[in-house]
Amino acid sequence: MDKFKAVILAGGKGTRMESDLPKVLHKVCGKSMVHYTIQAAKDAGATDVIVVVGYNGQLVKREIVDVVDFAEQHEQLGTGHAVMCAKDKFGTTGDVVVLCGDTPLITAETIKKLYELHKHEYNGVTVLSAILDDPTGYGRIIRDEEGRFVKIVEHKDCTEEELKVNEINSGMYVFNAEALSASLSLLTNDNAQGEYYLTDTVAIIKNAGLKINALPVDDVNEILGVNTVAQLKEAEAIMSGRE
């Protein structure tokens with residue numbers, strides 16, 4: 001099987017967690033959230049795992065006992081910027097799986113499935129998507145009449161028609177490393193937030209003529225991002241049910 005590297009975004013503060021602890025260090029069933037993402041990446045076959053730390057990064061480094069590499073994001077300037085900070089670590093060969101440190105329910109099986117589709121279709125990017133009953137707030141995966149991937153549109157930028165789409169972007173991807181590296185150098189922060197968005201690299205890679213697809217996850221719980229204490233409890237309940 002081909003090899004891939006994993007980049008895990010773990011720089012967020014987690015303002016809505018009502019705590020000074022970096023978001024990814026909040027515990028689910030006794031282990032830090034980020035631990036589960038690292039383990040899933042390794043179990044799926046990642047040769048290297050690079051954790052991008054930001055807010056209170058030293059604390060995150062100290063807490064992570066797994067064998068990983070670290071990249072520093074000194075300012076939180078968006079998901080694209082976080083991946084830029086790891087660019088020298090993942091290089092331009094092979095593939096890169098980008099995961100989130102605050103989605104502890106993601107499984108190795110899903111990462112493997114996403115990666116296998118990516119290799120099978122020779123994609124530049126393969127997006128992990130989900131079909132939700134209520135897609136409010138999420139970026140939508142827009143496809144053409146034949147079901148081919150067209151673009152990702154953020155919720156706030158959706159037309160009336162696009163708002164009806166219930167396939168959403170989970171924020172997890174497999175990238176061809178060379179394409180990712182090239183697209184990161186073309187990213188701009190010309191938007192209302194002044195941030196560099198990783199979703200913009202998808203459009204850049206598509207414009208370069210590479211193929212893109214999205215794979216809906218079988219179990220939507222796997223993409224549950226933990227941003228609040230209530231979501232943390234929800235993740236813990238689901239995780240307990242698995243054991």
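## Overall fold

The chain has nine helices and eleven strands, where helices (H or I, at least four residues) and strands (E, at least two) are DSSP runs numbered from the N terminus. With a radius of gyration of 17 Å, close to the 18 Å that the globule rule gives for 243 residues, the chain is as compact as a globular protein of that length. That radius is taken over C-alpha atoms, and the rule is 2.2 Å times the number of residues to the power 0.38. The C-alpha trace spans about 45 × 40 × 40 Å along its principal axes.

This is a predicted model, in which local features need pLDDT of at least 70 and side-chain atom pairs count only at pLDDT 80 or more, while totals for chains, interfaces and linings use all residues. Residues are numbered from 1 along each chain as its sequence is written, and side-chain values use heavy atoms, with hydrogens and water left out.

Of the 243 residues, 50% are buried (under 20% relative accessible area, 1.4 Å probe, protein chains only). Among contacts (heavy atoms within 4.5 Å) between residues at least 6 apart in sequence, 71% join residues at least 24 apart.

## Nonpolar cores

A nonpolar core is a set of buried Ala, Val, Leu, Ile, Met, Phe, Trp, Tyr and Cys residues joined through side-chain atoms within 4.5 Å. The largest has 37 residues, and Ile38, Val49, Val51, Ile64 and Ile111 have the most contacts inside it. Elements giving two or more residues to this core include helix H1 (33–44), strand S4 (46–53) and helix H5 (108–120). Beyond its neighbours within four places in sequence, Ile111 touches Phe4, Ala40, Ala41, Ala44, Val97, Leu99 and Ile106. Another core, apart from this one, has 28 residues, including Phe90, Tyr173, Leu198 and Ala214.

## Pockets

A pocket is an open set of points on a 1 Å grid over the protein atoms alone, where a 1.4 Å probe fits, with protein on both sides within 12 Å along at least five of seven lines; lining residues have an atom within 4 Å of a point. A volume is the space filled by probe spheres set on the points.

| Pocket | Volume | Lining residues |
|---|---|---|
| Largest | about 1500 Å³ | 39 residues |

Lys23, Thr79, Cys100, Asp102 and Asn227 lie nearest the centre of the largest pocket. S10 gives the most to its lining, with four residues.
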